[in-house]
Amino acid sequence: MFDIERWQEIFDTLRKNKLRTFLTGLSVASGIFILVILLGFGQGMQNGIAHEFEQDASTSVWVWPGMTTKEFKGMNPGRRIQLRNDNFDFWSKANAEKIENESPRIFVRNVNVNYGNEALVYGIHGVQGDFQFIENAKMVDGRFINLLDHEGTAKVVVIGNKIRKDVFGHLESPLGEYIEFSGIPFKIIGVYKELREREEETLYIPLSTAQKVFNGGDRVNNLAYTLPPAENFDQAVAQAVAFKDELRQYLQQAHTVAPDDTGAIQVWSAMEEAKRYYSLTGNIKFFFWFVGICTIIAGVVGVSNIMLIVVKERTREIGVRKALGAKPWSIVGMILHEAIFVTAISGFLGLFFSMLLLELVGPYVEVDYIMNPSVNLNVAVATVLVLIFAGTVAGFFPAWRAANIQVINALRDE
Amino acid sequence: MIEIKDLHKSYKMGSNSLHVLKGINFTAEEGELVAIMGSSGSGKSTLLNILGMLDEADSGEYNLDGVPIKNLSETKAAKYRNKFLGFVFQSFNLINYKSAMENVALPLYYQKVGRKEREEKAIKYLEQVGLKEWAHHLPNELSGGQKQRVAIARAMAAEPKVLLADEPTGALDSKTSYEVMDLIQNINDQGNTILVVTHEEDIAHMCKRIIHLRDGVIVEDKKIKQVRASSYVQ
């Protein structure tokens with residue numbers, strides 16, 4: 001292996017057979033290249049989906065009421081379920097230790113929003129202070145709604161960063177400005193930011209204000225919670241599922257809904273959704289691996305093919321070398337040495353260029369559900385080694401056969 | 001130097017067996033220049049290939065410089081070929097992607113001679129065959145006569161005990177044939193043992209001894225007065 005004469009002989013041969021060397025190298029390099037890119041995008045999809053779930057707190061649980069579809073205890077189907085403050089208060093008191101953050105939400109409708117002479121068309125949500133953490137919103141200016149606002153029915157509003165850019169772009173800070181909701185002035189006390197701009201188009205006001213000023217009574221539209229962090233993913237899922245089921249049972253009882261009427265009160269857990277997506281990405285990754293391994297197999301077949309042709313093409317040369325005193329093992333060694341050298345160099349080149357591409361382009365990929373495609377270097381290097389090994393095994397047999405045929409037959413080969 | 005007794009060889013041709021050599025007995029001393037003649041199919045090339053360990057005999061004895069050649073492993077055969085024998089073929093058998101010098105140096109590579117020494121020796125032998133200026137040319141840039149001279153230089157480079165030439169002039173015109181034979185005679189003059197397979201009378205008469213083969217047996221074995229090829233050259 002470290003015989004300098006052998007290396008010189010091999011470099012000579014490779015240099016003088018450029019096209020053959022190039023084609024062998026290309027098939028290996030492209031195999032590795034495709035595999036790494038595929039694996040990179042598999043990882044990218046996993047990253048992307050994980051990212052999608054980061055925008056809301058991953059342990060959040062939401063209640064969406066709907067319409068009953070089943071008759072139960074004398075109640076007709078088709079009844080609309082309306083959540084109330086009592087539901088929220090009762091559940092919060094009973095399960096305080098299981099809950100990290102909590103807030104009801106009410107949608108305020110049929111209200112004209114004006115800033116000066118400008119009419120604004122943004123959704124208005126009445127929420128409590130914890131809602132900031134449930135939505136994973138970051139404050140970039142001022143503060144979010146707090147308990148005092150809630151208890152004092154304060155006429156304050158928190159706006160999204162996009163609204164600030166669109167409406168208050170001319171001001172250094174929108175804090176202290178007033179927006180009129182049906183003629184009632186609300187003071188801006190904060191600006192929040194979310195991971196996506198389209199979620200920054202909501203105006204948040206205190207829940208109590210929304211109910212009292214805009215005639216909401218004690219009605220709420222959603223209940224939202226986050227659960228305290230669990231030790232690991234599976235525990236978190238189990239915890240979320242248990243919480244969700246208990247919450248639904250309670251609400252079904254409180255609103256006289258049949259236990260199997262799932263549409264009437266929908267409880268949605270981000271954790272459970274996440275688990276579904278994670279198993280999906282697992283499948284996608286598996287698929288990419290499958291395609292990648294097929295690519296490698298194609299690469300191995302390609303290398304074996306080229307090895308066969310190389311040996312065939314060089315049969316006469318092998319005959320000449322043997323007539324001049326080459327031992328069979330030196331012939332096998334020469335052919336394999338060449339093959340290993342070319343496969344290794346081109347394999348690592350393919351690896352290098354695919355990694356380079358992922359490094360350069362990866363961070364700029366802006367497609368939904370794909371983020372920062374990257375690949376584990378160890379895995380990539382291992383595949384190159386596998387390819388080299390397979391190429392060697394594939395090349396050994398034709399080389400061995402060629403080295404052991406009668407010299408005279410090798411010399412007769414045209 | 002060469003001693004063979006009752007050598008037999010047959011080839012399988014489908015279901016038929018073709019008996020090519022039917023008991024050859026033959027000795028060659030050191031320094032001889034022997035022409036093996038015969039029409040095509042007489043077995044002369046087969047004999048040479050067996051002498052060169054490129055092919056194996058079915059039965060019979062073969063001693064080369066006192067060493068019995070029998071049931072050799074490929075590795076051992078390779079060693080003996082490298083140590084004892086030099087080959088010249090009708091179709092030259094140069095490696096087409098190696099320059100004249102590299103071709104000549106190749107047997108030395110298998111003798112584990114260092115690169116520098118290999119190249120020096122190769123140049124020396126190319127100079128002997130008058131092709132020093134062509135050392136860095138590829139075979140396809142050389143004429144047939146030049147190619148054969150490179151092949152002879154290559155055969156000589158390993159300093160073999162016996163030089164085996166299979167129709168060395170078969171692919172050459174008369175003038176170049178004589179040049180090549182002149183070269184072979186010169187090498188023989190230096191004391192090397194040479195066996196030449198040919199079917200050309202004039203080439204055969206440039207050797208010192210002629211063996212006639214017909215249908216796998218030696219029908220005639222005579223010493224002759226050598227015709228010097230140099231008288232035809234120029």
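This is a predicted model: local features need pLDDT of at least 70, side-chain atom pairs count only at pLDDT 80 or more; totals for chains, interfaces and linings use all residues.
Colleague: How many helices and strands are in chain A?

Modeller: Chain A has 13 helices and 14 strands.

Colleague: And what share of the residues in chain A is buried?

Modeller: Of the 414 residues in chain A, 39% are buried.

Colleague: What about contacts in chain A between residues at least 6 apart in sequence?

Modeller: Of those contacts, 81% join residues at least 24 apart.

Colleague: Let's take one strand. Which residues of β9(A) are on the covered face, and which on the uncovered one?

Modeller: Strand β9 of chain A covers residues 178-181. A:I179 and A:F181 make up its covered face, while A:Y178 and A:E180 are on the uncovered one.

Colleague: In what sense does β9(A) pair with β4 of chain A, and over how many bridges?

Modeller: They pair in the antiparallel sense, over two bridges. In one of the pairings, A:E180 of β9(A) is the bridge partner of A:N114.

Colleague: And how many bridges are there between β9(A) and β10 of chain A?

Modeller: Four, again with the strands antiparallel. Here A:E180 stands opposite A:P185 in β10(A).

Colleague: What's in the hairpin of those two strands?

Modeller: Two residues lie between β9(A) and β10(A), and A:S182 in this hairpin takes a positive phi near 50°.

Colleague: Changing topic: how many residues of chain A are in contact with chain B?

Modeller: 19 residues of chain A are in contact with 18 of chain B. On the chain A side, the elements giving two or more residues are α1 (4-16), α10 (315-323) and α13 (407-412).

Colleague: How do the residues on that side divide?

Modeller: Into eight nonpolar, five polar and six charged.

Notes
Residues are numbered from 1 along each chain as its sequence is written. Chains are lettered from A and ligands numbered from 1 in the order in which they are written. Two residues are in contact if their C-beta atoms, placed from the backbone, lie within 7 Å. Ala, Val, Leu, Ile, Met, Phe, Trp, Tyr, Cys and Pro count as nonpolar, Asp, Glu, Lys and Arg as charged, and the others, Gly among them, as polar. A residue is buried if 20 or more other C-beta atoms lie within 10 Å of its own, exposed if 12 or fewer, and partly exposed in between; C-beta atoms are placed from the backbone. Two strands pair if DSSP finds at least two bridges between them.
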